[in-house]
Structures are given as C-alpha cells and as structure tokens.
Amino acid sequence: MRPERPSARGWLAILLLLLPLLADATVVELSPGVASLPLGGVVEYFLDPAGGEDPEVAARSAAFRPMGRESLNLGFRPEVLWARVALRNPTAAALERWLEIEPGRLERVTLFVDEGAGVWRRLDNGVQVIPAERPVPGRQLLFPLRLEPGRTMHLLLRVKSRPALSLRPVLWAPEAQRANAQRELLMAVALFGVLAGVGLLILLLAVVHRDLAALYNFLGIPFFLLFELSFQGFAYSWLWPHHPEWALRAPTVFGMIELCCFALMSREFLMLRTLSPRLGRLLAALAAAALAVVAAHLLGAPFQPLNRFMALLGMAIFAAVAVTTLKVYWRDRFHPARLLVAGVFLVAPTGVLLLAEVKGWLPRLPFTNEVTATVLLTVTKLLSSLAIADRIALLRREREAAQGAERAGLEELVSTRTAELRAAKERAERADRAKGAFLARVSHELRTPLHAILGYAHLLRRDLGDGPREARLTRIEEGGRHLLGLIDDLLDYTRLERQRLTLRPEACYLHHLLARWREQGELLAARQGNRFEAVFSGELPPVLRLDARHLEQVVLILLANAARYTRDGSIVLRVGGAADTGTGGTRLALEVADSGVGIEAARLEEIFEPFRQAGEGAREGLGLGLAIGRQLARAMGGELWVESRPGAGSRFGFEAAFAAGEEAEVALALPDLPIIGYAGARRAVLIVEDHVASREFLQQLLEELGFAVQSCADLAEALVCVGEGRFDLALLDQRLPDGSGWELLATLRAAPATRDLPAILLSATPAEPPPGWGEGRGFDALLLKPVDVPRLLERVGELLGLEWQRASVNAGDLEPPEGEADPPTQTEGPANKAWAELAEYAHDGAVYEIEAWIERMRGTCRDDRTTGRRLAGIERRLEALDFSGIAALAESVSSPAYSSDGCSG
C-alpha cells in the first residue's frame, strides 16, 4: 500500500513551520587571510520584552531585523537583546576565530552555538563573569570559535545589561586580536602617563601658589584616570577582579567625581563668587548633584534610573561650564579665561556626544572613542593649567599695584608714627635715667650712714664685750643689715631690668662653693627650726669657669625663700652635673625643695614678678628676690622654674651650662690679716701641691707668718723631703701627678718618726680615701680649695698649739678691707681727662654711667694689669656704693702716670 501524500492543507502547514528556517540569518563566508571582520552589517537582532532565555524559541522568532550598521546603541533598556549570525568555512582546513562583543561593560552576554538536532552549546560572558573565568580570560568579552572545513555555524547571542545596551560584534583571528589588545594597552599606558605628568605639574602649581582652582584641576585627574580604567575594563582585571557589582558602578562614580571637580575648578577660576554669584551657585548646585549621584551609587540605588539622570546631569555640567566661561570672557573681559574657553570647547562637545551615545540618542561615532576622549582631556588640562598660571600672574600684578598704593599711604602714616614714637622713647629713656639716678642717689644716701652705723656697732661690741648692751647692739646690726639687703635687692633689680649685668666667669673650685652653700643653708634653715640636707652628685668636676658671686646669689635667694615660708620642716639643696656637649664643660642642675606652705597653681608665674611675694600675708622684703633670681638665671643661660602645691611644699631650680676650668687658672690673693705671726719656736711645714700658683700662695702665706716652709710638686719629691728633713705639719694635696696625698699619708703613718705628724688634706673635691683604708688614722683636717685662710690658720693653730700674734685695731678698720691701698690723694684734682670724668660721675652718684665707664676702660686698657686692678677696686666700691672712695681714687691719678686714654704709662 502506497503511503498517503499530504494534502494541500498539510503542505501549507509544513511551509509555515519551515518559514523561520527559510528566513535564517545571512551566512558569512570566512577567509583565512582576514584578521578582523566587523559583523554589524550582517547581524540581525530583535528586542524581547519578556526577557526569554530559551535559544530555540528565540531562533524561531520572526522579529529579527538587520542591524544595518557596525554598532547598535539602544541606551538604558530593560529588554533582552537577541542577535543572530551564521558563519561558513569554505576552506579545506579548520579555522580558529574569536568573536569579540563590544562594549566590554555589558552585564550579561550569552553565546549559543547550534550543535544540530535542537542542541545549543552555551558560553557565558559579561561583567557578571569575573575576568579569570571568561571563555577567553581577560578584560574583553571574547568567545572562541572553531569552524570545521565546509561547515556552517549558526550563532545566537543574548544580551541583558543594566548599563547602556549596545552591541558591536567583531570576528578576529586570535593572533590579530592579541596584537590589537597589546596596542590598546600601550596606547592607554602612554596617554595615562602623559596625563599623570600633567597632573604633577598642576599639583606643583597648586602647592606653590596655594590656588584652589589649580587644586580642583589636579584632583580631577586621578578620578578621570580611574574612570577610564573602569570604563575600559582594566580596573576590573587589575584592581577589583572579584567585585562585579562595583565594576558596573565604578565608571559612573569616578566620572561624576571628575565632573564635580571640573565644575568647581571652573567656578574658582572664573571667580564667580564675585563676578557672577548666580552662575557660581548654579555650578555649585550641579557639583552637589554629581556628588549625590555618587552617594546613591555607593548606597546601592537602582542602577538604570540613576544612570539616566547621570547622563542628563553630565550634559548639563558641560553646557553650564561652556556658557559660563564664554560669558565671563566676552562680557566681563576676564582675559585669562581665553585659554580655558579653548579647552572647554575641546572637551565639552566630546563629553556631550559620549553621553548622548550612552543615552542611546546617537549611534556610535568614529571620533568619540576612549582614546579621543583621553587626548582631548589631556589637552584641556594643559590649557586650563596655562590659564590658571595666567590668572595667578594677573592677580599678583593687581595685588602688587594695590599694595603699592597702600604701602605709600602706610609709609606716610609710619613716618608720622615713628616720629611720635621716637619722641615718646626719648621721654621714656629720660625718665628711666632719672629713675636710675634717683635710685642710685637714694641708695648712696642710705648706705653711707648705714656703713657708719654697722662699723661703729662692731667697734662698740668689741669694746663693751659681753653684757646686757650686747643684745641691743645685735638688734642694731640685724636691722641695719636687713635694710642693707633691701637696698641691694632694689639696686640689683634695677641693673638687671636695664640689662646692664655683665657676667665675669672665672675658674673657681666648685666644691668650695658647695661647702659654703651648705653652711649658709644650715644657718638659714635653723632660724625657724627646719632640718637642712645638701645632696651633691658625685660626678661634679673640681673646677668650673663661672660667675661665682651671681650663681651664689641665685642659690641664696632660693634658700632664703624656702627658709622664709617653712617652719619646723625640711629644706633640701640638690646639685647635680652632667657633661654638656655644647660647651665641653658641665651642665649644673640646682634645686631647692622645702616642705613649706606651698603655692597655688594660679600664682606660680605671678611670684616671679617684681614686688610680688609667694606666701599669703608675707610682709618681709620687697618681693624682688625671685624676680632677681630669674633674671640672673636667664643671664647665665638657664630658666628658673617652680613646682608647688598648697600644703605640700615647693621645688625651685634651674639648669645652666658652664665651661670646664683648670686648677692652675684659679686666682689666688693674699688677704689682709690681723695675724702677723705666732709666739714660740719656729715651726717647719711641708707643702705638697702640684699646681704652682697654689703652692707659691701657701708658701708665701706661711713664710710671712714665720714658718719654715719646704714645698714639693709631686709624691716622689715629697718622699725625698720627708727622708731628709723634720717637719711639724704637712699640707698635702689629694691628687698628685704620680700618686695621691693618701699614699703619702700612709707612708708617714707607717714610719715611726712621722707617725704622729699632723696632716691637713687640701682638695678641690671631697675626700676620696683609697679602697681598704679602713679605720686607720687619716688626715687631721680637710680644707676645700680655694683655701679659706682664716680657717686654715685656725686649724694650724689647733694642731700645733700656737698662740697667734695680732695687729692692733685702729680707725682704719672701718674702711673696706678689700682691694689694694689707694695712692695718696692729690688736692689739685685729677690731671687725666678720663679719670676726671669718673670723678665727676662719682660726685653725682651716677651708677650706670660709672658702670659704662668701667666697661669702656676695660676694653681700652685690655693688657694693662695695673689699670685692671684699679678697675676691680672701683667695681667693689661701686657694689658698696662707696662713691667717695671712687672719687678719691679717680682724683689720685696724675697725668705722668697715665696716658691720655686713661691707661697707666
């Protein structure tokens, strides 16, 4: 039986079923020699509102229509784009090809390859597939295809994207595509490098001139670079390869920030705040809107509505900047804007066209690619930088012109004010000199009778001896010395206030000073039942170069202050030392701590002001002690500080650096002594001292009192002297070049002939017995250098049982003992002009003029020792305000003895 043929109706049904297949995609025949083949002209597409995913259903759709152009731009669309094309290999060899789908920022791209019999092979790509897992790993959307000889391959493409929906398919030979990708990379690196270099120049301009427009111009460059890296897919591959959602949003975020910087740069450059406030507010509002878009993307707002607004906002910013720049340049005649106009009209049209393409309003144009945009922006940045430099120069010229006019007015005003201030300064200086002269004259008038009162009180005490009247004389002396101290404080403060203090550092024995401070501290502390403790560091050097008198004055001010406000408590003096690299000497740290009433924190700085006192209700003194102490400390390179709490006591101190000194530099002078000798047989004394000056000083002192003196410079010489002679007393230096005084003492104690020989240790530092000295008999006395002669003679007298012979007391005892004797007074007055000037100052009581005269003469007669000694005597008399003594000394100078400049002939 023959099979039944289909009826006409059946043939019609079969024809309808085969119609989609008859309307299949155009077949593209491939050629092995073609490196790249754009497929836009042969691809057919349709938009599927339902968003279907079945390739079999899509392939049978009758809605396909030709693209008709190389690329398709549809803007932000919710539909799914389906496209189809057929490829045929007419050759006898298999062909390898890569299908590239542009742009690379499409969210989901799926390629379906017809395997026959209704089977479709699926390949996924797009931003949602991380670059490493794509069919061809990398930043581009590539699909590998293999066409067997003589076969036809049917391809179906499905595109779903929240970013702008567009399509540009290109078929590549793999080697050609790799070469093209390498060229694109090199081009991008070159352009980005040029743009980065321009950015550094703009940054330098912003930093040097502190220009806000240049700063905004610079800030836009890194965000534009990030925008391009994100837009072209480099950032997704290199910076955030595992964050597809951020890869979709990053181009919009960075692009909006760059546009914000562009708007703000234009606003600052064109000075719209002053030239056109309304336009300035418009650009500021557009910049704020751009930042709002950025914030919305970062918060995950819906993508497509936000990007539609972004495209419109970007075009608005470009248009507003262009119109504003033209307006300011043509209407306001702001000439630096001419370069910015050129730059804006290069980049603004391109930016608007790009955004119109993204919006889907325009097809893809050949001159609106990423390379063109980067080149144009680089040129625009260069032009804007030149415009900013031109603007800065213009503003500088205008500012200098305004400053010149202002300067001329100020100079006239300053000249008038200067004349007024000069007159006021002269009046103040005259008043200051009058104040100084008044204080000097008053002090002279007060101190002269005080000297007489204290001198006669001393003589009366000696004549009357012990008795009930002695207490009254003591009160007179105490009151007189207290008044003398107040006058001294007032004069010291006046000198320091006028900065007339001249420090005279000299080599001195530090431990002698420390011992004296200990004694004075014990006396001051005992007045109100306080315990006193002195703590000295073991690292202190024996000799330093310092102004001992002024340093001691600071210490005594601090000790007296602690003793005044502490009762039945404790006072501690601490002195430490450390090497000072600046001077090569020692930095002394002095501190006085007490357990007294303490000071409130609010008054810690106030107490250093003149005529202010620390304790509540304090009435003693003038309140100048701490002010003087701080000024002296500053003069020595230190700063007086205080730490205190009410009821917890106080700590005062300061640090200062002092140069190192040598023992040979210490000045020694024979004092005027009331002792002229001793009764009895002549005694022999051995002196062992390595310093020549000290040795000769002791030898001269003792020989003038009748002793037979044998002096030695070292231990070896001393041992020879001990072996050859007999001595009643030994004065031994602690440190010798070849040993120590302790070694010599051990030798003396070991020999029967010298076992009981009295021995006195002389040292610049405290006693340092050698290890293992034990309980053996040591020195009979210790005296710190410089030797206190009365104390030395007291110890010598005690050890040898001497009866000292003293000179008789006469009226001359009332004269100051220090200084050398003045030459006979000449009644005809001084014949030397310089010394006549001094006599006139002394008669007027002009303290400051006398001080200036001394400094001038010290410079003039620098090498004149005789005049130097006389100047030292004048200084001592000036400190005692002995103007009559200064006048007598000046009037005693005769012209034959002194040259015309006042120095001795």
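**Exercise 1. Which residues of helix 4 meet which residues of helix 6, and which way do the two helices run?**

Step 1: find the two helices. Helices here are DSSP runs of H or I with at least four residues, strands are runs of E with at least two, and both are numbered from the N terminus. Helix 4 covers residues 212-231, and helix 6 covers residues 244-269.

Step 2: list the contact, meaning heavy atoms within 4.5 Å. From helix 4 come L212, A213, Y216, N217, L219, G220, F223, F224, L226, F227, S230 and F231. They meet A250, P251, F254, G255, I257, E258, C261, L264, M265, E268 and F269 of helix 6.

Step 3: sort these residues by class. Ala, Val, Leu, Ile, Met, Phe, Trp, Tyr, Cys and Pro count as nonpolar, Asp, Glu, Lys and Arg as charged, and the others, Gly among them, as polar. For helix 4 with helix 6 that gives 17 nonpolar, 4 polar and 2 charged.

Step 4: look at the geometry. Axes are lines fitted to C-alpha atoms, for helices over the stretch in contact, and angles run from 0 to 180 degrees between N-to-C directions. The axes of helix 4 and helix 6 come within 8 Å and cross at roughly 160 degrees. So helix 4 is roughly antiparallel to helix 6 (under 35 degrees counts as roughly parallel, over 145 as roughly antiparallel, 65 to 115 as roughly perpendicular, the rest as oblique).

Step 5: get the hand. Helix 4 passes helix 6 in a left-handed crossing, where the near helix is turned anticlockwise from the far one by less than a right angle (clockwise would be right-handed).

A word on the source: this is a predicted model, where local features need pLDDT of at least 70, side-chain atom pairs count only at pLDDT 80 or more, and totals for chains, interfaces and linings use all residues. Residues are numbered from 1 along each chain as its sequence is written, and side-chain values use heavy atoms, with hydrogens and water left out.

**Exercise 2. At what angle do helix 6 and helix 9 pack, and which residues make the contact?**

Step 1: take the angle and the distance. Helix 9 spans residues 303-330; helix 6 packs with it at about 25 degrees, with their axes 11 Å apart. That's why helix 6 counts as roughly parallel to helix 9.

Step 2: the crossing of helix 6 and helix 9 is left-handed.

Step 3: pick out the residues. Helix 6 brings L248, R249, T252, M256, L259, F262, A263 and S266, while helix 9 brings F303, N307, M310, L313, G314, I317, F318 and V321. By class, this contact of helix 6 with helix 9 has 11 nonpolar, 4 polar and 1 charged.

**Exercise 3. What is the strand order of the open sheet of 5 strands, and which are its edge strands?**

Step 1: read off the order, which is 22-21-23-26-27, with parallel pairing. Two strands pair if DSSP finds at least two bridges between them. Strand 22 and strand 27 (781-784) are the edges, since each pairs on one side only.

Step 2: check the bridges. Strand 21 (residues 684-688) pairs with strand 22 (residues 708-712) over 5 bridges, and A684 has A708 as its bridge partner. The chain gets from strand 21 to strand 22 through helix 16 (residues 692-704), in a right-handed β-α-β crossover (with the strands pointing away from the viewer, the path from the first strand over the helix to the second runs clockwise). Strand 21 is also joined to strand 23 (residues 729-733) by 4 bridges, with V685 partnered by L729.

Step 3: Helix 17 (residues 715-724) lies across strand 21 and strand 22, at about 145 degrees to strand 22. Helix 18 (residues 741-750) touches strand 21, strand 23 and strand 26 (759-763), and makes about 150 degrees with strand 23.

**Exercise 4. Where does P103 lie, and what kind of peptide bond joins E102 and P103?**

Step 1: P103 is in the loop between strand 7 (95-102) and strand 8 (108-116).

Step 2: the bond joining E102 and P103 is cis, with omega about 0 degrees.
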